[in-house]
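Please keep the sequence and the coordinates at hand while reading.

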Amino acid sequence: INMIVYTCLTGDHPIIPEQQQFETGIKYIFFHTHDIKNKHGQWQFKKIPIEKNELYTQRKYKILSHELFNEPNAYFDTNTIFKPDLKIKLNECVQETDFATALHNTRKTYLDECCFLLTKGMTPSHIIKTTKYLKKLNYDFSKHVCILAGQIIRSTAEVVENINNTWWKMWQKFEKRDQIFLSPSFYFNNTSLKTFPSSWLRNRSDQYYGFWKKSEEYYPIWNKGNTTVLPKLINDISSIIRNDRNI
């Protein structure tokens with residue numbers, strides 16, 4: 001199976017991780033908005049314009065894979081270091097399912113997801129709005145699968161288009177965290193989300209490339225002297241979805 005591996009970096013991050021593993025039979029595509037100094041290996045670098053803002057552009061390229069490629073493809077975050085035998089593993093996955101992503105190794109429930117969002121700069125009010133939005137759509141929170149959306153394997157454009165479009169539409173509602181809406185996208189398309197171990201395909205480079213900077217702005221909100229934020233959030237979220245089991 002011919003396979004595309006791609007990533008998308010928006011923002012002025014001129015140095016990217018040095019890849020040691022490039023394999024025949026894979027086309028490597030690197031979308032980016034700013035200049036990159038250490039272009040290397042078999043990456044095909046494609047400079048793209050910023051549409052609306054950097055976050056919006058990155059998420060659009062990440063989520064709407066069917067608008068980019070017809071053939072099977074795998075998206076990876078830009079801090080990825082590929083492991084050996086990537087093509088074999090990707091082919092095995094595509095032959096088994098049309099859409100798969102990495103399973104989170106610690107978060108297990110929707111409530112876990114909400115608590116984690118506090119560490120990503122999300123305010124309790126935003127997390128509550130997100131939950132109310134899903135509740136209004138009659139999402140079954142007990143079916144939620146906590147995933148890592150930094151590794152996504154997808155089959156041909158035609159078979160993943162509906163999932164991608166649902167995911168994109170839901171993300172556009174708030175334009176914040178994207179991975180919380182992937183599991184609901186499968187639920188509303190009556191499709192099971194296939195997952196694989198988070199360490200199966202990649203390692204991470206020492207330096208993180210993304211939107212969540214290591215600064216005071218994004219420290220967990222409960223470390224700022226307010227010890228009531230997390231318990232209150234748990235109560236509020238539980239109140240919204242109390243009729244669902246295994247939250």
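## Aromatic pairs

Rings of Phe, Tyr and Trp (its six-membered ring) pair if their centres lie within 6.5 Å, with planes under 30 degrees apart counted as stacked, over 60 as edge-to-face and the rest as tilted. By this rule the predicted model holds 26 aromatic pairs.

## Cysteines

With a disulfide defined as a pair of cysteine sulfur atoms within 2.5 Å, the count is zero. The sulfur of cysteine 146 has its closest cysteine sulfur in cysteine 114, 9.1 Å away, which is too far for a bond. Cysteine 146 is buried, at 2% relative accessibility, and cysteine 93 is likewise buried, at 9%.

## Confidence and conventions

The mean pLDDT (the predictor's confidence in each residue, from 0 to 100) is 89, and 89% of the residues reach 70 or more. Over residues 211–219 the pLDDT is below 50, although beyond near neighbours in sequence this stretch has 18 contacts (heavy atoms within 4.5 Å) in the model. Where pLDDT is low, the predicted coordinates should not be read in detail.

Residues are numbered from 1 along each chain as its sequence is written, and side-chain values use heavy atoms, with hydrogens and water left out. Because the model is predicted, local features need pLDDT of at least 70 and side-chain atom pairs count only at pLDDT 80 or more, whereas totals for chains, interfaces and linings use all residues.

Conventions
Buried means under 20% relative accessible area, exposed over 50%, partly exposed in between (1.4 Å probe, protein chains only).
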